[in-house]
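Here is a short report on one protein model.

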Amino acid sequence: MADGEGVKELERRIAAAWEDRERLREPVVRAAVLQAVHGLDKGELRVAEKVDGEWKVNAWLMQAVNLYFGITAMETYDYGPFQVRDKIPLKKDLERAGVRVVPGGIVRYGAWVSPGAVVMPGFVNIGARVGAGSMVDTWATVGSCAQVGDNVHLAGGVGIGGVLEPPGARPNIIEDDCFIGSRCIIVEGTLVEQGAVLGANVVITGSTPVIDVTGPKEVVHRNRVPAGSVVIPGTRPKQYPAGTYHIPCALVVGKRSAATDKKVSLNDALRQFEVAV
């Protein structure tokens, strides 16, 4: 991958092409798009990164992923007895990368999966990133540009949504050491902070209130699950012209205890708060 100045030049060319798609006819611009996606695939570039404790979104890389679809053609690929027709091939060199992908697991080119991660029959989309030691369990999905940290378990059927437009919008982010229970849905730029535990069937969208009920007064968060939180699905009443109805929310019912052995801490949290996973 290019040095710092080279990356700035990639960014400049991609931003120009985003403003004027005719620029994609220029070989140097097409090469910049291909190089950016290659950098995502190799883990040398990332759509979002934590800088001084805050998440920074690299909008130009979201632009690059969008532009990539515009310069690639539909092709037919054969993988053993299976055949697909798509604009993006599957990720290769998994053995060299130290990644385990179980039959039925799909990782698209342009995604980065760190050494020691495991992908069961799930799906990791272009621009996404999965950290070391993490598990993408059966039928779990890591959407476009989603960021999953180290030692995260995405349980069966979890859906981490993709975010491609508008470029610069925060992707869905799961920080290190989180457990996301079965059939959870995380969408619309939600940040799940380090060490959080989400019980089965928690759904968090941009409008879902995440309500901390552990103190004398509720504390409401949106698009964010605080670090170390233990979260279960809940409902809250809302008045409509036709009557009062209960609509979904997420309830913070506790905090994970500090422990040297994070696995023990996680198990304790699940038992203490009777969290279904």
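## The hairpin

Strands β1 and β2 make a hairpin, with two residues between them. In that turn, Asp 52 has a positive phi of about 55°. Four bridges link β1 (residues 48-51) and β2 (residues 54-57), and the two run antiparallel. Val 51 sits opposite Glu 54 of β2. Strands here are DSSP runs of E, at least two residues long, and helices are runs of H or I of at least four residues, both numbered from the N terminus. Two strands count as paired if DSSP finds at least two bridges between them.

## Basis of the model

This is a predicted model: local features need pLDDT of at least 70, side-chain atom pairs count only at pLDDT 80 or more, and totals for chains, interfaces and linings use all residues. Residues are numbered from 1 along each chain as its sequence is written, and side-chain values use heavy atoms, with hydrogens and water left out.

## Two open sheets

Inside the order, β16 (residues 173-174) and β19 (residues 191-192) run parallel and share two bridges. Ile 173 has Leu 191 of β19 as its bridge partner.

Another open sheet has 10 strands, ordered β5-β8-β11-β14-β17-β20-β25-β26-β22-β23, with mixed pairing. Strand β20 (residues 197-198) runs parallel to β25 (residues 229-240), joined by two bridges. Val 197 stands opposite Val 230 in β25.

## Nonpolar cores

A nonpolar core is a set of buried Ala, Val, Leu, Ile, Met, Phe, Trp, Tyr and Cys residues joined through side-chain atoms within 4.5 Å. Buried means under 20% relative accessible area, exposed over 50%, and partly exposed in between (1.4 Å probe, protein chains only). The largest core has 34 residues; among those touching the most other members are Val 142, Ile 174, Val 192 and Leu 198. A separate core of 28 residues includes Val 37, Val 65, Tyr 68 and Val 163.

Beyond its neighbours within four places in sequence, Val 192 is in contact (heavy atoms within 4.5 Å) with residues including Ile 174, Cys 178, Leu 198 and Val 225.

## Helix α3

Helix α3 (residues 59-71) is largely enclosed by the rest of the structure, because 10 of its 13 residues are buried. Among the buried residues are Trp 60, Val 65, Tyr 68 and Ile 71.
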